[in-house]
Amino acid sequence: MIASMRQRVTLADYEALIALPENADRRLELIDGEIIDDMPTPEHGLIVQAVLMFIGLYLLKNPVGVVFPQVRYLLPGDDATALIPDVSFIAQGRPFDLKAPVPFMPDLAIEVQSPRQTKKILATKAAYYLANGARLVWLVYPDEQIVEAISRADRQLLQADKMLDGGDVLPGFSIPVRDLFPALP
């Protein structure tokens with residue numbers, strides 16, 4: 001079925017596909033008319049959990065918005081792209097319906113590379129987020145233990161011994177990059 005999903009599809013095709021019961025537990029995104037089937041691993045899940053925890057703790061002391069795991073973003077009028085960042089942050093003052101895809105890009109989109117995701121796919125997603133309103137994107141690469149922090153004005157590649165900060169999106173937020181990567185027993 002994956003081979004047949006590589007052809008260009010419309011938003012209506014995508015919506016019909018994700019509504020099928022057999023796809024209930026799959027994470028399918030639509031990127032420029034192509035359905036991408038993401039297969040996260042336990043390592044991926046632990047990194048997502050760490051990101052959520054660190055941003056969640058920050059938000060307890062600095063209630064400047066909300067953080068979500070795996071929420072769908074769908075811009076009105078875009079029939080070719082529906083993205084589900086691993087983690088996203090939306091600043092206060094940006095109302096949206098809690099029971100529908102968010103109709104704008106998050107202020108911060110975080111993507112953790114899964115085994116089947118290429119750097120090209122992640123770069124495409126980052127470019128889309130930024131071109132359509134996101135202020136900051138973090139691309140997390142587990143195998144290399146690095147984070148690429150991208151804004152419209154800057155791009156930083158941060159090794160495990162560097163600090164990751166939230167810029168003007170999460171003012172005062174800062175953690176060591178190494179803290180995002182799980183140390184398994």
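# Reading an aromatic cluster, cores and pockets

Modeller: Tyr 58, Trp 138 and Phe 173 form one aromatic cluster. This is a predicted model, where local features need pLDDT of at least 70, side-chain atom pairs count only at pLDDT 80 or more, and totals for chains, interfaces and linings use all residues. Residues are numbered from 1 along each chain as its sequence is written, and side-chain values use heavy atoms, with hydrogens and water left out.

Biologist: How many aromatic pairs does a search of the whole structure find?

Modeller: General idea: a pair of aromatic rings is described by the distance of the centres and the angle of the planes. Rings of Phe, Tyr and Trp (its six-membered ring) pair if their centres lie within 6.5 Å; planes under 30 degrees apart count as stacked, over 60 as edge-to-face and the rest as tilted. Here the search of the whole structure gives 4 aromatic pairs. One of them, Tyr 58 with Phe 173, is edge-to-face, at 5.6 Å centre to centre and 90 degrees between the planes. That pair links distant parts of the chain, since Tyr 58 sits in helix α2 and Phe 173 in strand β10, 115 residues apart. (Helices are DSSP runs of H or I with at least four residues, strands are runs of E with at least two, and both are numbered from the N terminus.)

Biologist: And which kind of pair do Trp 138 and Phe 173 form?

Modeller: Trp 138 and Phe 173 are stacked, 5.8 Å centre to centre with 25 degrees between the planes. They also join distant parts of the chain: Trp 138 is in strand β6 and Phe 173 in strand β10, 35 residues apart.

Biologist: Is Tyr 58 buried or exposed?

Modeller: Buried means under 20% relative accessible area, exposed over 50%, and partly exposed in between (1.4 Å probe, protein chains only). Tyr 58 has a relative accessible area of 8%, so Tyr 58 is buried. Phe 173 is buried too, at 5%, and Trp 138 counts as buried at 2%.

Biologist: Which residues touch the most other members of the largest nonpolar core?

Modeller: A nonpolar core is a set of buried Ala, Val, Leu, Ile, Met, Phe, Trp, Tyr and Cys residues joined through side-chain atoms within 4.5 Å. The largest one has 28 residues, and Ile 55, Leu 108, Trp 138, Leu 164 and Leu 170 touch the most other members. Helix α2 gives the most to this core, with 8 residues. Taking contact as heavy atoms within 4.5 Å, Ile 55 touches Val 67, Leu 108, Ile 110, Trp 138, Leu 170 and Phe 173, leaving aside residues up to four places away in sequence. A second, separate core of 24 residues includes Ala 109, Ile 121, Ala 126 and Tyr 141.

Biologist: How much space lies in the largest pocket?

Modeller: On a 1 Å grid over the protein atoms alone, a pocket is an open set of points where a 1.4 Å probe fits, with protein on both sides within 12 Å along at least five of seven lines; lining residues have an atom within 4 Å of a point. Points are joined across faces, edges and corners, and the volume is the space filled by probe spheres set on them. In this model the largest pocket holds about 210 Å³. Its lining has 14 residues, with Leu 136, Ser 151, Asp 154, Asp 165 and Gly 167 nearest the centre. Strand β9 gives the most to that lining, with 3 residues.

Biologist: What about the second largest pocket?

Modeller: About 150 Å³ of space lies there. Among the residues lining the second largest pocket are Ile 31, Glu 34, Lys 120 and Ile 121, and helix α3 gives the most, with 3 residues.
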